[in-house]
Every structure is written in structure tokens, then in C-alpha cells.
Amino acid sequence: MSSTPTPHRWLRWPEDRATPRLGFGADYNPEQWPREVWAEDVRLMRAAGVNIVSVAIFSWARLQPTADSWDFAWLDEIMDLLHANGIAVDLATATASPPPWLTTAHPEILPVTATGETLWPGARQHWRPTSPVFREHALRLVRTMAERYGDHPALTAWHVSNELGCHNVYDFSDDAAGAFRDWLRERYGTLDELNHAWGTAFWSQRYSAWDQVLPPRLAASHPNPTQQLDFKRFSSDALTSYLRAERDVLRELTPDVPVTTNFMVMGETKGMNYVDWADEIDFVSNDHYVLPGAQAHDELSFSANLTGHIAGGLPWFLMEHSTSAVNWQPINVAKKPGELVRDSLTHVAHGADAVCFFQWRQSRAGAEKYHSGMVPHAGEDSEVHRTVRELGATLGALAEVAGSEQVPARAAILFDWESWWTSELDSHPNNSLRYRQEALDWYSAFLAAGVRADVVPARADFSGYDVVVAPVLHVVPGALAERLQAFVEGGGHLVTTYFSGIVDEHDHIHLGGYPGAFRDLLGIRVEEFAPLLDGETVLLDDGNEGSLWSEPITVTDPSVEVLAWYKTGEHGGRPAVTRRPVGSGSATYVSTRLGTGLEPLVRSLLDDAHVPGELPAAVRGKVELAVRGTDEHEFWFLINRTAEQVDVDGVAGDVLVGRRPGAAPEGTVVLSPRGVAVLRRPKV
């Protein structure tokens, strides 16, 4: 599915649009509360510095109580109240969850699982992305909303649906089957091309008519892998098509109002190829929630970094995150002191020009009543709300950062949705492989080394980087292989890993030995994979320990250097990590999962590429640096990764957030535990 990228347009602030500001607010659900609470809400919003809220996200049943009746009086009142108090509205189209009257009259809009079960109402997102009946009713609502509120002075942006695909990305219904066939016809043109792409000579799967083709429903054994991959592509594209449908109505009726929808770049949410989606909207928005564990903050930074580069380095909107605990994890822990502000400013550091939460007032009923809010159950007199006010003041002090763009690093980590999807299909050498975890491990190693690394889509222009890491880059079409070859030949340093370069865009093996598309570039050859059993490890001669994977590498180019050897295991004495010099560039291969042991290797590779850290050596690993910039200034965000105070010496600049102690050496910045400082520096 191709599209002409939409030019970036930011929020249409209702008044004084030339004044820079960072957005600050939340999802606001006044329909959950009696009217007497609304005045209290706006009083508290003003006191906290809130200047934008998202409204009407789950309001379809309230706005359209029956098929033939409407109730906009309450929303009219809320829009007017917010505007009167200087608070802009990111107005949702309210289509995220269909009302009971619609699903009762038209149960054919409900999604169907791979096993044929219907997903019934009672939660949310109970609709098929390909249902023509759902689309008819939803677009009627969108059109009615746009006609009514398009000229309202509070309206600053349109918010299409909500978290598209969060619960309904994969639908296996008859509607989906028909749409899947249409998508395949457009992609392949003929059944012969489809049969070739899917390798249907295997297991007697050759199709002789289009109506024989189905989604990969529950089968007796493993469904065709390319069928699975194409269904993932189709499912993401089906949601893109729906996004376009709503967007087109909004652009027809309100061409001056920017349109967005909230992505979910976080954790294992992988069904939606957001790189493609970014072309469809005026600015990128994202929802992110911290996942507990040793890499919790690293994952937040990774996701924010990736979101910023999906947005092309331009400002984006943090639509949702949490002030404290969520409700949907097995154990929902409260945030520690400093984390609410640090989490928020880390997103700003990576390009967010708006910081919002789910939600404004913590619900007293419903499935998310234990999810924290800006106003918790304890009310205004609470530590959470006091910290919210602190954050509002901090964002106010950073107003001049608004509109600045991300300053590129010298290193990048490639992230590819199709490699994510394909590398984790069934019938593979090791089903414990987790694509995103491998990418996150490399990112954590760069953070530990104190060197910035951008997380960029595989389609990005990486010619300006010195070092590019492509972990588990499993799907490598010819054009991508050529771009990486040219990068190395141009003096760049490429690092890739096990299970990379293995298949083309049809999930067909690059023949001749592994790692397939990269075999000649790396100067090595592998005849057979050697995955490791759960709990099994191998030692390397540099002291590192590998897990998940190993390989019997044969060096085929005499210029290849062996950086580490297997010391134990079936392939003890054979290369584990190799590097092939190519002019002033190089191509490095890592044949096992090193996890937390990647840092020494990353430091060595950066030294070879002459990429230094930008912070003093004493704080590298303790402090993350992220940089935004304008034509005149750079904004350095110093983020304390530890629970201890850290003094950063030798950093010049005007302190916008944070402090310089009077008795400390000139240029010292003090970071409180989990604290953040922001410096304005002249652009070099």
C-alpha cells in the first residue's frame, strides 16, 4: 500500500499561535462525571499548566444513543468550557468502540479469531477493520462530528479513533477473507505470481482460483509462512485504509485542522507497521507505558527514540503515558520518586512536543479504575498531583524547545517491522528468538557506553551515520542489501547478527549458505544453524557468554578478523564474532546472543569507527544524552539513569531545567536521583 507522504503540520493552537509552547494534558472523559465536577476539573487544569486535552475518545454511545438520535449538548458545553479556560481540544472521532445498538443490529461487524470464535461486545474495539457496515456507520459519525465542531475555536487537532489495532488487528472473518484476496490481487496481479511468492508447490497448496485463498485460519499444522507474512502486511494495511477513510472525511470538511492517530510504539506491540502509517497523518502521536524489568527505562528511551525517527526527526505528540501505576499488568507498581518527570522529559528529549497522560481524573468505575491519573482517587492533595504540577511548570520552562528537531547521532540501530514479523514465525530454528529484545539489548549497550544511537526504520537514509547496527535483519530484499553494501563501501561500519540476511521479501531463502544476502559482504559462510536449548550457553574467549544461538562459521575472505572465538560448546575453537575491513569501512557479524555482554563489544566497535562519547567519561553509562536543535541552538537533555545523585562536569550551556551548584567546578550540573537537566548551547 503506497501513499504520498503527508507534509508535517503541528497543532493548530486556538490563540497566539506564534508563541512556542509544549503541549501538556491528558485524555479527558467528562462524560464519566457529573457536571459539578467539570468546573473543578478546569480549575485544576489551569493550576497545573494543562493546555490541551483529548476528548470524546470513547463517547460514541453517548453522542449517538440510538441509530436515529444524537446528543451533543454535553460535548458542546465541554468544548465551550475548555476554550473559555484557554485549553485546546484534540477531538477524537469517537469511533474506537461501537455502541451496543450497533452491534445488536449488526453483529456482522464483530471480529472473528483464527479459530472461528466471535469477539463479542463488553470491552472495546469490537469491530472488523474491513467491515463495510461498520465503516458506513463510523464515517457517518465522523462526518457529523466534523460538520458540528470543525469551526469551534477550541479544536486544535483531530484524533482518529484510538489505538487502532490494539485489540482487533487480526480479523479472520469472511469480510477479512474477501479484502485479503483483493489485497493479494493488487500485490501480485496473477495467481501464478501468488503461487510463486507463497511457494505453494510445497504441501500441494497451489491455488487455481482466487476464491480458494483464505486468511491463515486454524490449520492442521503450520500455515504457509508467506501466507502468514502477507496476512500481517494486509492486516496492517487494512487499518491504514480505515485510517485514511476517516482522515479523508476530516480533510474534506476541515482542511485546516491537522489529523493524527495514536500509535503504540512500545514493548511487543508489533501488528501495525507504523513506518507506513506515518505517511498518512499530519503529525505522529504515540502511547507508551513502562514495562517493568531491568531495562524498563531503556525501553522507554528506545521507544521514544524510534517514534521520533518514524516522525522523521520532527516534533511528535506523546498522547498517552501514565502518572504512576497502570491496571493491565500482572502486578501494577507505582512509579518511584522522580520517575513521572523523568519519563515525561525522556520523551521530550527524543522529540515529543506534547506530553499527555491517560487520563486526567482517575475513574471511579470501569475496567481502568485502578489506572493512575493526573488527579488520582486521593484528589488534589496527593503526591501524584503535586508532581503533575511540578511537571507542568517544568514544561513551561522548556517552551523554547518546542519546534526543535532531533540532532542526528553518529550511530544508528535499524529497526524493521517485516523482520520482526518474519523472524518470529513458527517452524524456525529457535522459537525463543525475540527480535525487539535483541534490538533493545544493543540500544542498552550504547546507553551503557555513553554514546548516542538513533533508532531508525530500515527505509531511512543511513548514509550519514558512521556506525549502523542491524540486529536480526532477517528480511533483506535486494535493494536493502545494495544500500548496506554501498554504506560499507562508502566508509561506514555495519554490524549485523545471527539470523540476518536470510530471506527475501517473499520469505524465500537466499541460497548458497548463510547469512545469505550478507555472506560476501561479511566474508563468512555458515552451512547450518546451531541454536541453543533453553538455559544452554556458550563461552567466548573474550569472557562473554552467548545464549539462544550459535553458528559454525567458516571464514571465506582472508581479510576477515576474528574478534571473538567460541571457547565452549559444539563449535569451540571456531569464530563467534568477525569483522571484515572494506576500505575505510567494515562489516561485523555477531553469531550469538550476547545480551548484557554487548557493552565491551560496542565500545570496541565505536573505538574502531572513531565515534566517541559526547559526555565526560566519568558519567557515561550513568547519564543518557539526547539532543534537539534549531538553526541557532542545541538543547542537551541529561537524563540520570540511576537512583543516585550524579554530578556532570565540564558541560557548558544555559541551564533551562536543573541546577549548577555554587561551590562545584565551573560547568558542573547536578542531576538528582532519576533527575533530568536541560541545557541550551550554541549550535556548533
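Ala56 sits in the loop between strand E2 (52-55) and helix H2 (60-63); helices (H or I, at least four residues) and strands (E, at least two) are DSSP runs, numbered from the N terminus. Ala56 has a positive phi of about 75°, although it is not a glycine. What you're looking at is a predicted model, where local features need pLDDT of at least 70, side-chain atom pairs count only at pLDDT 80 or more, and totals for chains, interfaces and linings use all residues. Residues are numbered from 1 along each chain as its sequence is written, and side-chain values use heavy atoms, with hydrogens and water left out.

**Cis peptide bonds**

- Going from Phe358 to Gln359, the peptide bond is cis, with omega near -10°. Gln359 lies in the loop between strand E9 (352-357) and helix H12 (383-397).
- The peptide bond from Tyr514 to Pro515 is cis too, with omega near 0°. You'll find Pro515 in the loop between strand E14 (493-497) and helix H16 (519-522).

**Domains 1 and 2**

- The chain is assigned domain 1 (23-172 + 215-403), domain 2 (411-609) and domain 3 (619-682), with bounds that come from an automatic or database domain assignment.
- There are 36 Å between the C-alpha centres of domain 1 and domain 2.
- On the domain 1 side, 33 residues are in contact with 29 residues of domain 2, contact meaning heavy atoms within 4.5 Å.
- About 2800 Å² is buried between domain 1 and domain 2, and carbon and sulfur atoms give 56% of that. Buried area here is the accessible area (1.4 Å probe) that two parts lose on being put together, summed over both.
- Which residues of domain 1 lose the most area to domain 2? They are Arg233, Lys270 and Phe302, together 24% of what that side buries.

**What holds hands across that interface**

- The rule finds 4 salt bridges across the interface of domain 1 and domain 2, a salt bridge being a side-chain nitrogen of Lys or Arg within 4 Å of a carboxyl oxygen of Asp or Glu.
- Arg233 and Glu418 meet through their side chains in a salt bridge (2.8 Å, N to O).
- Helix H8 (225-253), helix H9 (274-277) and helix H10 (296-310) are the elements that give two or more residues to the side of domain 1 that touches domain 2. H10 gives the most, with 9 residues.

**A five-stranded sheet**

- An open sheet of 5 strands runs in the order E10-E22-E23-E27-E25, with antiparallel pairing; two strands pair if DSSP finds at least two bridges between them.
- Strand E10 (405-406) and strand E25 (654-657) are at the edges with a single partner strand each, so one side of each has no neighbour in the sheet.
- Strand E22 (residues 623-629) and strand E23 (residues 633-640) run antiparallel and are joined by 7 bridges. Leu625 stands opposite Leu638 in E23.

**Salt bridges overall**

- The structure holds 40 salt bridges.
- One of them links Asp76 with Arg148, whose closest N and O atoms are 2.7 Å apart. Asp76 is in helix H3 (residues 73-84) and Arg148 in helix H5 (residues 132-149), so the pair ties together parts that are 72 residues apart in sequence.
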